[in-house]
Amino acid sequence: MRLASGVWVSAYLTRLRLADIPAFVVARGDETAGAVLIKLNTLDGNAKAFQRSFDMMTGERTWMVLADGIEQDVDMSVAKQRSFDSDLWVIEVEDRQGRTLLDEDGLS
């Protein structure tokens, strides 16, 4: 059974807050089944956007890099995804060290 998107986002933001990593909701998606996109802003003019992917061979969910580079270019990629999917959640994480916590248990 999949966790509702709104619950996952709330738990993710709590984990980031506990690690003293600033993050905020840029776009609120569907509470139940909206996909989630994470934008990492390293506060140096660069950014990365991650989207959850499903590996058909292993059945695992993983986070894949959607866009990486100059923040303005990453923002354009995020906006393009939003234009395709109005139910998409966009969470922006701000961390100079590049931490997202997406590799931790329970966040894939």
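## Model and terms

Helices and strands are DSSP runs, with helices of at least four residues and strands of at least two, numbered from the N terminus. In these terms, Asp-20 sits in the loop that joins helix H1 (5-18) to strand E1 (23-27). The model is predicted.

## Asp-20

The phi angle of Asp-20 is near 55°, which is a positive value in a residue other than glycine. Asp-20 has a relative accessible area of 65%. Exposed means over 50%, so Asp-20 counts as exposed.

## Asp-95

Asp-95 belongs to the segment that follows strand E5 (89-94). Its relative accessible area is 6%. Buried means under 20%, and Asp-95 is therefore classed as buried.

The backbone nitrogen of Gln-97 is reached at 3.2 Å, and the backbone nitrogen of Gly-98 lies 3.0 Å from a polar atom of the Asp-95 side chain. When neighbours within four places in sequence are set aside, Asp-95 is in contact with Ile-21, Leu-40, Asn-41 and Thr-42.

## Leu-101

Leu-101 also lies in the segment after E5. For Leu-101, phi is near 70°, again a positive value in a residue other than glycine. Leu-101 is buried, with a relative accessible area of 13%.

Terms used. Residues numbered from 1 in each chain as written. Predicted model: local features only at pLDDT ≥ 70, side-chain atom pairs only at ≥ 80, totals over all residues. Heavy atoms only, no water. Buried < 20%, exposed > 50% of the residue type's maximum accessible area, 1.4 Å probe, protein only. Polar contact = N/O pair within 3.5 Å; in protein donor to acceptor, adjacent residues only side chain to side chain. Contact = heavy atoms within 4.5 Å.
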